[in-house]
Amino acid sequence: MANAATPMMQQYFDLKSEAGDCLLFYRMGDFFELFFDDAKTAASVLDIALTTRGEHGGDPVPMCGVPVHSAENYLARLIRAGCRVAIAEQVETPDEAKERAKREGAPVSKALVKRDIVRFVTAGTLTEEALLEPRRANMLAAVCDVRGTCGVAACDISTGSMTLEECVPERLPAVLARIGASEVVAPEGWDDAPFDAVMRPRGDFASDPGEARLKKVHGVATLDGFGQFSRAMLAAAGGMVAYLEHAGRGTLPLLLPPTARASGEHMAMDEATRASLEILASQQGGRSGSLIAAIDRCVTGAGARQLAEDLSAPLADRQAIEGRLALVDYILQDPLLRSDLRDMLRSLPDIGRALGRLVAGRGSPRDLGQIRDGLSEARRIHDLLQGKPDRPPLLDTLLPHFRGHGELTDLLSRALVPSPPTERQSGGYVAEGYDAALDDLREVSGNARRAIAAMEARYREETGTPSLKIRHNGVLGYFIEVPSKHADKLMAPESGFTHRQTMANAVRFNSLTLHEEANRIAEAGGRALAAEEAHFEELSERVAARREAIAATAAALARLDVAAGQAERASDGEWCRPAISDEPMLAIEAGRHPVVEAALAANGERFVANDCALGEDDRLWLVGGPNMGGKSTFLRQNALIVLMAQAGGFVPARFARIGLVDQLFSRVGASDNLARGRSTFMVEMVETAAILSQATERSFVILDEVGRGTSTYDGLALAWAVAEAIHETNRSRCLFATHYHEMARLAETCEALSLHHVRAKEWKGDLVLLHELAEGAADRSYGLAVAKLAGVPAPVVKRARSVLDKLEKGRAETGGLAAGLGDLPLFAASIAAEEEQCDTLREKLRETDVDALSPRDALDLLYRLKREAGDS
């Protein structure tokens, strides 16, 4: 790399222009090298040495490299850091490069091995086991807009599952939050594309080419057998497939037939709700402290991924929910079956991801072994369950998927050794007896190695050199090595040995007999490796031919693992099976928060359970009480119980009857969104606005301290108006926590609103939080007691008490914040009244500087006001 004119430098720049904003892994021998800014970025992320090589433009070229054999580990770190990588491999051997140079009339000595980008490695296109988290799906999403409707394609290419859906633009953030994609692609020039999307050519996102791509991938003339797909869905699918073709340089990963996700099939939740309920990740960003961490008892990675999907998209169909609950109940009621089943599931390999790697051309003999073992174990599970009486309908639906692979498992059992290796370059994975010709080649190779061992012993005796050894390396092949002091015997012309290399303390030789045996070993070994490689390709093709059936088995096993895990969790926590109702109600007895209860149990403490009963005549609970008293926990636990029930699992309660919820909203806590220039209060208002505009009579809403981020008067006014709107307009089931005691007056005008509070007592100057919910309004806020409990200095608390006494005295004299609130009309009437009271004439006159008007201006103003008053 001495200057810009070198062929290798030109080749690098050509490949880098194709790589675009990706880091270029440029293969040079046993290393992937990175240059220029790519090297600086990679060296910083990977914490490896940054060196230089040659010059370009008069400056040294920054450079770093990673070994090919351990490249996956480095790739994983780069992807986690948000990088994208292009892999440039050597696509011809040095000998082939020289032959090409001869044909082209170029100097053979300067022949440059041809390289090409064989793959783009991005966050959403990973299939390698080392780069994926076993218990988390790795989703890629493609989104686009077709005449005002957003199409969304979502795919986990490690297993091949693909779903297509559409939504209105306002719902796109909620859909993407549910999918939780590692990478999103969108068409160039789309102003409303997600801010972190990878932009791709707009022509890729067209419905007709998208339909054609799907037909080609699945080898069908029509997609009708897969379902009905809208133009927006097909356009998104087209963008998805085009991106995967680009990433794989024409080689597609495993893609199963797409399924259409209809609107209304699942409970809707927006991004803010998912974050505040900490469903898959806690507020700190990790799995610990999340809902799934408290629930997950799955023994397979596929089951854990399925559970995460269930919790991300709870069902909205009563029959489907009851089907899942019945299967959980069936396994729960038979502890011996549950134990046997979980033991069998625990030994299962991840056949879905093994299948994905094989179909994508990145598989290994170990993946074939996992397919064999997984399908064989699935048959054993089938036999265990087939004889059980009174099976629930969902189990009968799953059972057929556990069998039907006998021919394939028999083939793989005969063809593979019991524990195939992860690498196929060295062979040794095809079982003895499967291929007689391969066995013969191995015997020749084995005999030759034994012959070399015998030859070594014979040479030692003939030369009288006990230290003589026959060695092997990648450069010389087989050679004879003796210490320097014994070399003279072998140097003699009549010795039969040929000198090859002199080392510091040893001399190396060859012999005709050794040369012949080495050729026999190399020839037999090479032919054996070629034979095994051919068998690997054939077996992979046989597996790929049954990809859909194998994927269906993997999905059925994951569903069974989820049910067994849910049953185990229900048994551990004494959870109940929720009853599902079509009525808009909620009845929970002794409900608990699963995450908080688990945290308390770890410290030997007990969780205080509480009831919740919402119905048509009592659908909005106003909950008061002190901070730390348990209001937020109570709100969240009921939202989580609804979510868990509609996901098809048991819930932490003594009894629960859940009226189906179409949308779940949670506005519990907020934080600044500096990236979008929003304060905490602004975030709170945006989330509240979304609830007021979207919640329906079938929705469930939890609101905590609405209005606390602004002045007391503004906050109370907003909280009052929001509560009235939910009661009068949205008519949703709602739990509304507040510190504004004045809002208790709402119970006088809102017939479906009731007052509740979390109990607390002061004992000898100390606050005792009881965490119990009671009917009625809170008698006081206990704010100063909580401050004392938090360690606020005693003089500050004492001063606050004197200020509070003064404020309360003033409130008693003037009526305080609540003065006049009892005279307010109801929500709908107040809107009309305010519209009638709007006095634009008065406002314009107040803004007019009369002394500054000329007589003509004054006359014009008078005519204008007269027209606005409606009197022409």
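How many bridges join strand β1 to strand β2, and in which direction do these two strands run relative to each other? In this predicted model, strand β1, which spans residues 23–28, is joined to strand β2, which spans residues 31–35, by three bridges, and the two strands run antiparallel. Within this pairing, M28 has F31 of β2 as its bridge partner.

Strands β1 and β2 belong to an open sheet of six strands, whose order is β3-β4-β2-β1-β5-β6 and whose pairing is mixed. The edges of the sheet are formed by β3 (51–56) and β6 (115–121), each of which pairs on one side only. On average, and with direction ignored, neighbouring strands of this sheet are turned by 35 degrees against each other. Helix α2, made up of residues 36–46, lies across β1, β2, β3 and β4 (59–67), and runs at about 50 degrees to β4.

A further part of the description concerns a pair of helices. Two packed helices are described by the angle between their axes and by the distance between those axes. Helix α14 (residues 365–386) packs with helix α16 (residues 406–415) at an angle of about 130 degrees, and their axes are 9 Å apart. The crossing in which α14 passes α16 is left-handed. On the α14 side, the contact is made by L368, I371, R372, L375 and S376, which meet L408, T409, L412 and S413 in α16. The residues of this contact of α14 with α16 divide into five nonpolar, three polar and one charged.

Methods. Residues are numbered from 1 along each chain as its sequence is written. This is a predicted model: local features need pLDDT of at least 70, side-chain atom pairs count only at pLDDT 80 or more; totals for chains, interfaces and linings use all residues. Side-chain values use heavy atoms; hydrogens and water are left out. Axes are lines fitted to C-alpha atoms, for helices over the stretch in contact, and angles run from 0 to 180 degrees between N-to-C directions. Helices (H or I, at least four residues) and strands (E, at least two) are DSSP runs, numbered from the N terminus. A crossing is left-handed if the near helix is turned anticlockwise from the far one by less than a right angle, and right-handed if clockwise. Contact means heavy atoms within 4.5 Å. Ala, Val, Leu, Ile, Met, Phe, Trp, Tyr, Cys and Pro count as nonpolar, Asp, Glu, Lys and Arg as charged, and the others, Gly among them, as polar. Two strands pair if DSSP finds at least two bridges between them.
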